[in-house]
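Here's a quick tour for anyone meeting this structure for the very first time. Have a look at the picture, then read on.

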Amino acid sequence: MSARKAAFAPVAAPDARVLILGSLPGEASLAARRYYAHPQNRFWHLVGKAIGIDLPALDYEARLARLKARGIALWDTVASARRIGSGDAAIRAAEHAPLAQLVATLPALRAVAFNGRKSAAIGRPQLAGHPAVTLLDLPSSSPAYAAMPLAEKERLWARLADFLG
C-alpha cells in the first residue's frame, strides 16, 4: 500500500481576495516542503504573469510574501491521501480539506481558483453554496498536463487579476 501524503498548511492572509487550490502536493513539493517545487511546474510563472511580477526570479519566501501582498492565498483540496508518485489520478483514500472553514475566515475573498480538474472536482461541491465567491476552473500548471499550449494557459490564468483590484 502507498504511503499517506499530507498537504501543507494554507498560505493565507485575512485580506485575501483570491484563493488558489491545488489537489495535493507532488513528490518534489513534499520533499522540499514548498508549494509547486517541481522545476517544470508552471504555477509560479502563470500566477506571476497574471499579477505582473516575475515570481520565478524570487526565492520561495519572497514568492509567498508577494502573493499575500497581492491578496492571493494558497491551499489544496486534499488534506491527505494515499498516492504513489505525483499524479492526481493516483490519489486514493482522500480526506478532503475543510475548504468552507478556510473560506469563512477570508471575508474579502472574491474568487476561488482550482488548479486543474481534480482540484475542481473535489473543491467545487464543497464551495458551491457560497454565493459571494466566484469559482474558476483553471488548466493545471503541472508538467503532466501538456495538452494545452502555455500561451492558452497564460490567457486563462490571467483572469485571476480580475478579482484582485
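Is Ser141 buried or exposed? Ser141 is buried, with a relative accessible area of 1% (buried means under 20% relative accessible area, exposed over 50% and partly exposed in between, using a 1.4 Å probe and protein chains only).

Keep in mind that this is a predicted model, in which local features need pLDDT of at least 70 and side-chain atom pairs count only at pLDDT 80 or more, while totals for chains, interfaces and linings use all residues. Residues are numbered from 1 along each chain as its sequence is written, and side-chain values use heavy atoms, with hydrogens and water left out.

**Around Ser141**
- You'll find Ser141 in the loop between β7 and α6 (150-157); helices (H or I, at least four residues) and strands (E, at least two) are DSSP runs, numbered from the N terminus.
- Setting aside neighbours within four places in sequence, Ser141 is in contact (heavy atoms within 4.5 Å) with Tyr36, Asn41, Arg42, Phe43, Leu46, Asn115, Lys153 and Trp157.

**The nonpolar cores**
- The largest nonpolar core has 45 residues, and Ile20, Trp44, Val47 and Leu160 have the most contacts inside it (such a core is a set of buried Ala, Val, Leu, Ile, Met, Phe, Trp, Tyr and Cys residues joined through side-chain atoms within 4.5 Å).
- Elements giving two or more residues to this core include β2 (18-22), α2 (43-51), β6 (111-115) and β7 (134-138), and α2 gives the most, with six residues.
- Leaving out its neighbours within four places in sequence, Leu160 touches Val18, Ile20, Val47, Ala50, Ala113, Leu136 and Leu138, in the sense of contact.

**Strand β2**
- β2 is mostly covered, with five of its five residues buried.
- Val18, Ile20 and Gly22 point one way from β2, while Leu19 and Leu21 point the other way.
- In a regular strand the side chains alternate between the two faces of the sheet.
- β2 pairs with β3 in the parallel sense over five bridges (two strands pair if DSSP finds at least two bridges between them), and Gly22 stands opposite Asp76 in β3.
- β2 also pairs with β6, again in the parallel sense, over four bridges; here Val18 stands opposite Ala111.

**Helix α6**
- Lys153, Glu154, Leu156 and Trp157 are the buried residues of α6.
- Seen down the axis of α6, these buried residues fall within an arc of 165 degrees, so they line one face of the helix (the arc is that of the directions from the helix axis to the C-beta atoms).
- The face turned away from the buried side of α6 carries the exposed residues Ala151 and Arg155.
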